Amino acid sequence: MPALTVPLLPHYVPPAPTKEDLEWAPLPVIDFSKASTPEGLTELSREVCDAMRTYGFLYVINHGFSRAQNERMYDISDAIFSQVLDDEKARLVADFQRTGSYRGYKARQTWDVGNGVRDQIEQYNYHCAVTDRELQEHPKGLEPFLPELRTFTEHNHFHVLHPLLRMLAEGMELPEDTFVTLHNFDKRTETSGRAMKYFPPPQTEGSQSQDVWLKGHTDIGTITILWSQPVSGLQILCPDGRWRWVRHIENALTVNIGDSMEFLSGGFYKATIHRVRQPPTDQAGYPRLGVFYFGMADDDVQLKPRFESPVLQRVGVARRFDDNDAPTMKQYRTGLTSAYGVSKLSKRDDGNEEEIIHGVVVKHYN
């Protein structure tokens with residue numbers, strides 16, 4: 001039987017990192033190579049717990065994927081946009097308002113980013129079990145690369161997401177698989193990979209949106225993994241109330257907590273507000289390509305605190321809703337996904353906006 005021939009892809013070459021002296025967020029760097037010993041794992045668990053309590057964000061290095069593998073994922077992710085015809089993208093667009101799922105393409109100018117300005121973001125979501133054809137149809141040009149995407153999603157799931165979930169459980173003095181058992185790799189979940197490309201908006205729109213490309217928000221799921229790339233744009237709202245930039249670290253991961261982990265942890269871990277804004281001057285005019293892995297609990301998991309945690313019993317629970325009214329993962333993700341960027345929001349006195357999704361107040365920061 002002849003070997004499968006994988007077509008050649010153009011090599012994606014990103015811009016150089018910024019040389020501007022920006023105000024960087026002081027995020028901890030977690031070295032996964034220490035996890036090979038019980039002592040190292042305990043040390044990492046403390047570091048991860050402290051980071052997710054304080055900032056809700058951290059970096060991961062030595063995560064098991066080489067720089068060459070990382071670059072290959074960027075080649076494939078760029079090809080998702082540059083090597084697929086517009087007609088096929090349109091045919092595979094995600095009907096997220098109806099389904100509550102981003103699986104497929106999202107076109108530019110779909111979301112409202114403020115003051116009547118529409119976004120300039122193109123994205124493609126694929127289920128973590130990316131080679132399962134029952135779950136999703138992919139563009140024909142992407143099919144030869146699905147096995148590589150499957151290797152990528154499995155690595156994220158089992159070698160990054162699951163270890164982090166074990167560390168978070170240990171930080172709450174829970175059995176180590178407490179959160180892992182809620183994150184399966186099959187049809188029960190909407191855990192997904194994403195390629196996301198931000199295009200510079202017209203200058204007039206940039207001024208109207210105050211140079212914000214994606215307004216401040218928290219993520220829907222439990223843990224988000226961003227494969228670091230050099231075009232600066234991501235900012236987080238730090239505990240002192242100041243926006244600070246997230247620095248690029250070569251072949252590192254930027255990891256953050258989402259709403260669902262905040263709910264499951266009873267507020268012990270914090271979903272941090274973050275946004276994407278126009279890059280600094282020496283990177284102006286360049287598109288910003290991102291590669292993500294969005295971890296979500298299984299669809300039937302009720303997003304209520306794990307009260308059996310001795311830590312929660314000592315420090316108390318920060319509730320966002322009544323325990324009896326806690327939504328399932330599916331209810332929360334479909335409600336927020338179908339509404340994001342397209343629903344009418346209520347203005348708050350502080351100038352920000354909010355909406356209510358299954359009894360949860362969801363805030364949008366301008």
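How many helices and strands does the secondary structure of the protein comprise? In this predicted model, the secondary structure comes to nine helices and 17 strands. The radius of gyration of the protein is 20 Å, close to the 21 Å that the globule rule gives for 366 residues, so the protein is as compact as a globular protein of that length. Taken along the principal axes, the box filled by the C-alpha atoms is roughly 60 × 55 × 45 Å. Of the 366 residues, 58% count as buried.

The description now turns to helix packing. Two packed helices are described by the angle between their axes and the distance between the axes.

Helix H1, which covers residues 38-54, packs with H5 at an angle of about 80°, the axes being 8 Å apart. Angles of 65 to 115 degrees count as roughly perpendicular, and H1 and H5 are therefore roughly perpendicular to each other. On the H1 side, the contact is made by Leu 41, Thr 42, Leu 44, Ser 45, Val 48, Cys 49 and Met 52. H5 contributes Leu 164, Met 167, Leu 168, Glu 170 and Gly 171. By class, the residues of this contact divide into eight nonpolar, three polar and one charged.

The crossing of H2 and H5 is left-handed. Here H2 supplies Arg 72, Met 73 and Ile 76, while H5 supplies Glu 148, Leu 149 and Phe 152. The contact of H2 with H5 has four nonpolar and two charged residues, with no polar ones.

Two loop residues have backbone angles that deserve attention. Asn 62 is found in the loop between strand E2 (57-61) and H2. This residue has a positive phi of about 55°, although it is not a glycine. Is Asn 62 buried, partly exposed or exposed? Its relative accessibility is 47%, so Asn 62 counts as partly exposed. Glu 173 lies in another stretch of the chain, the loop between H5 and strand E7 (192-198). Phi of Glu 173 is near 60°, again a positive value in a residue other than glycine. Because its relative accessibility is 40%, Glu 173 counts as partly exposed.

Gly 295 has its place in strand E14, which runs over residues 288-295. What is the relative accessibility of Gly 295, and how is the residue classed? The value is 2%, and Gly 295 therefore counts as buried, since buried means under 20% relative accessible area. Which residues does Gly 295 contact, once its neighbours within four places in sequence are left aside? They are Leu 161, Thr 191, Gly 221, Thr 222 and Ile 223. Gly 295 can also be placed relative to Asp 78: the two are 217 residues apart in sequence, and their C-alpha atoms are 22 Å apart in space.

Conventions. Residues numbered from 1 in each chain as written. Predicted model: local features only at pLDDT ≥ 70, side-chain atom pairs only at ≥ 80, totals over all residues. Heavy atoms only, no water. Left-handed = near helix turned anticlockwise from the far one by under 90°. Helix = DSSP H or I, 4+ residues; strand = E, 2+ residues; numbered from the N terminus. Contact = heavy atoms within 4.5 Å. Nonpolar A, V, L, I, M, F, W, Y, C, P; charged D, E, K, R; others polar. Rg over C-alpha atoms; globule rule 2.2 N^0.38 Å. Buried < 20%, exposed > 50% of the residue type's maximum accessible area, 1.4 Å probe, protein only. Axes fitted to C-alpha atoms, helices over the stretch in contact; angles between N-to-C directions. Parallel < 35°, antiparallel > 145°, perpendicular 65-115°, else oblique.
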